[in-house]
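Open the model in a viewer and keep the selection tool at hand. The stops below say what to select next and what is there.

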Amino acid sequence: MPENPVLRRRIRGRPLSAGGYGTTASLVLVSPLILLLVSAFAYPVGRLLWNSVFTPEPTLAHYARIIAEPLYLIVLWRTFEIAFIVTALAFLLGYPVAYAMARVQGRRAILVAACVLVPLWTSVLVRSYAWIVLLQRNGIVNTVVQEMGLSKAPLQLLYTEGAVILAMTHVLLPFMVLPIYSTLRNIPDEFAKAARNLGASAPQAFLRITFPLSLPGAAAGTLITFILALGFYITPALVGGPSTLMMSTLIAQQTTELLDWPFAGALSAILLVSTLLLAALYRRALSFSKGFSNG
Amino acid sequence: MARVFAGLGLSLVLFFLILPTLIVISMSVGTSSYIAFPPEGFTFKWYAQYFQDPDWMAATWFSLRIAGITTLAATVIGTLAAIALVRGCLPGKEFVQAVTIAPLVVPHIVVAVALYLTFAPLGLTGNLYGFVIAHTMLAVPYVVITVGAALQRFDPALELAALNCGATRLQAFFHVVLPNILPGVAAGGVFAFLASFDEATVAFFISGIEGKTITRKMFEDIDFNLTPVIAAVSTVLTLVSLALMGTIEIARRRNEANSDG
């Protein structure tokens, strides 16, 4: 290839890759974002956490309260328990949906995709409202149950742990399905077919070829669902009640009703640290970190 | 036989996924004022009530204004940052990337409570500026991710060619780079709009008696007076989301089909 002197000079003039931006320019470009994240994210969150350790003076008393009072330990335990059950249910229900989404063709494919994407694109508030409508005393589920003669009196479904789990599984299911779908879609169907040709049964081919290859997506989906479930507020606040208090609803209660900011800060710190540890643990599996695969 | 069971199971899960949306839409056009299923009759009166109620309208306009300004701010800030992250030479790039997606990972309840603590003394609660700052922070990661992905698909040699032909940096950006990454920028903008318009947790905490978003108003009404007007509002919200996201999805698939062929 003939050398282009202009091109060469241009490139030599810039220390970086061709046409890239230098350090100063890059810093200028990224500074509005940094300013925004510092003032509207890092500083407020930092202040909340600071309060939990330095009110009134350096103390761990607010953290000790969480461990000392059984009520708060129960809330902590319940949060992880619900997040775990929701994630497990979402995986069991979501994997087959993701598989169908990746393998089904034509009209049916559009139907499956619509059933996954329409709820995802619907506001969490709307979906929680729908579950209230379904589960309340004179709601649809109770009407069906009574008409089938399964129960004479309306069942108390709303404001129970079961309701929270059901509604949260519904709300978070698409976050499980989509990462699994995106890995399954990239596994050629020929792999399983080759295994079948070599004498594997259909379940064997799935369990030993397709499923292991889909594990990165499954890990990402599981992690995202668990992280979101841990800190979820809207659905537990609307569908749950006092007996289903979770970390998020407890934090809200401490700030809006009791105005106990240091204690809310301590609870937030625990929620935050659990979330960040999980995120760091599986950072490679998280699909959104793939957006910047230059490092 | 196994296939039949698998198909049946799958249909049940899909039904579970779509059922709540169908319930809300059918309730919004039912005549009875308490929740009944199957809904009786057909009416648009709940929609009429929504559009005639000054409180609902005030909340809707407030949310639209917030979402509009947020979209603009997040798209500009996010696009500039994405350029620096993908094409620039940035000290501590890994760190900046991690911090950029932090608002997506950190539970919204923590962000909401923290923002309330900081914004309340500054008079930024129930206030357009407070909301725009908070929502831009929440929306900007979506823009950085989508524009970043678009920039990685863009061939830097094209920009270099423009520079060689005598274009300035700005000219090269507006005439060569931007038109090529425009689908990504537009998608980022739509995500930012919905991240603000549908946002409920932070809005719940930093709303005021005067400045109240549509999501905060819905939250209150769901908690205190469950009328079919909420179903009508929900349907409107859902249709807005579906229209915007559907457009993006169709554009994305068309784009994919083009680059495959």
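**Stop 1: the nonpolar core**

Select A:Ala98, A:Leu172, A:Val177, A:Ala229, B:Ala81, B:Val113 and B:Leu115: of the 166 residues in the largest nonpolar core, these touch the most other members. A nonpolar core here is a set of buried Ala, Val, Leu, Ile, Met, Phe, Trp, Tyr and Cys residues joined through C-beta atoms within 7 Å. A residue is buried if 20 or more other C-beta atoms lie within 10 Å of its own, exposed if 12 or fewer, and partly exposed in between, with C-beta atoms placed from the backbone. Domain 1 (1-43) and domain 2 (54-260) of chain B both give residues to this core, so it lies between them.

The model is predicted: local features need pLDDT of at least 70 and side-chain atom pairs count only at pLDDT 80 or more, while totals for chains, interfaces and linings use all residues. For selections, residues are numbered from 1 along each chain as its sequence is written, and chains are lettered from A and ligands numbered from 1 in the order in which they are written.

Which residues is A:Val177 in contact with, leaving aside its neighbours within four places in sequence? They are A:Gly94, A:Val97, A:Ala98, A:Met101 and A:Val116; two residues are in contact if their C-beta atoms, placed from the backbone, lie within 7 Å.

**Stop 2: helix H4 of chain A**

Select residues 70-103 of chain A, which form helix H4. Helices (H or I, at least four residues) and strands (E, at least two) are DSSP runs, numbered from the N terminus. At 1.5 Å a residue, the 34 residues of H4(A) should span 50 Å, and the end C-alpha atoms are 49 Å apart, which agrees. The expected span is 1.5 Å times one less than the number of residues.

Zoom to A:Gly94, where H4(A) has a kink of about 30 degrees, shortly before the proline A:Pro96. The bend at a residue is the angle between axes fitted to the seven residues ending there and the seven starting there. A:Tyr95 lies in this helix too. Is A:Tyr95 buried or exposed? A:Tyr95 counts as buried because 20 C-beta neighbours lie inside 10 Å.

**Stop 3: two loops of chain A**

Go to the loop between helix H7 (140-147) and helix H8 (161-185) of chain A, where A:Tyr159 is found. A:Tyr159 is not a glycine, yet has a positive phi of about 65 degrees. With 17 C-beta neighbours inside 10 Å, A:Tyr159 counts as partly exposed.

Next, select A:Leu259, in the loop between helix H13 (247-256) and helix H14 (261-281) of chain A. Phi is near 55 degrees at A:Leu259, again positive in a residue other than glycine. A:Leu259 counts as exposed, with 9 C-beta neighbours inside 10 Å.

Chain A has 14 helices and 0 strands, and 43% of its 295 residues count as buried.

**Stop 4: chain B and its domains**

Switch to chain B, with 11 helices and 0 strands. Of its 261 residues, 48% count as buried. The C-alpha atoms of chain B fill a box of roughly 70 × 65 × 35 Å, taken along the principal axes.

Colour domain 1 (1-43) and domain 2 (54-260) of chain B separately; the bounds come from an automatic or database domain assignment. Their C-alpha centres lie 31 Å apart. At the boundary, 8 residues of domain 1 of chain B are in contact with 8 residues of domain 2 of chain B.

**Stop 5: helix H1 of chain B**

Select H1(B), residues 2-28. H1(B) has 27 residues and reaches 39 Å from its first C-alpha to its last, close to the 39 Å expected. A kink of about 40 degrees lies at B:Ile18, shortly before the proline B:Pro20. The buried residues of H1(B) include B:Val13, B:Leu17, B:Pro20 and B:Val24.

**Stop 6: where the chains touch**

Finally, show both chains: 77 residues of chain B are in contact with 76 residues of chain A. On the chain B side, H1(B) gives the largest share, 12 residues. That side divides into 56 nonpolar, 15 polar and 6 charged residues. Ala, Val, Leu, Ile, Met, Phe, Trp, Tyr, Cys and Pro count as nonpolar, Asp, Glu, Lys and Arg as charged, and the others, Gly among them, as polar.
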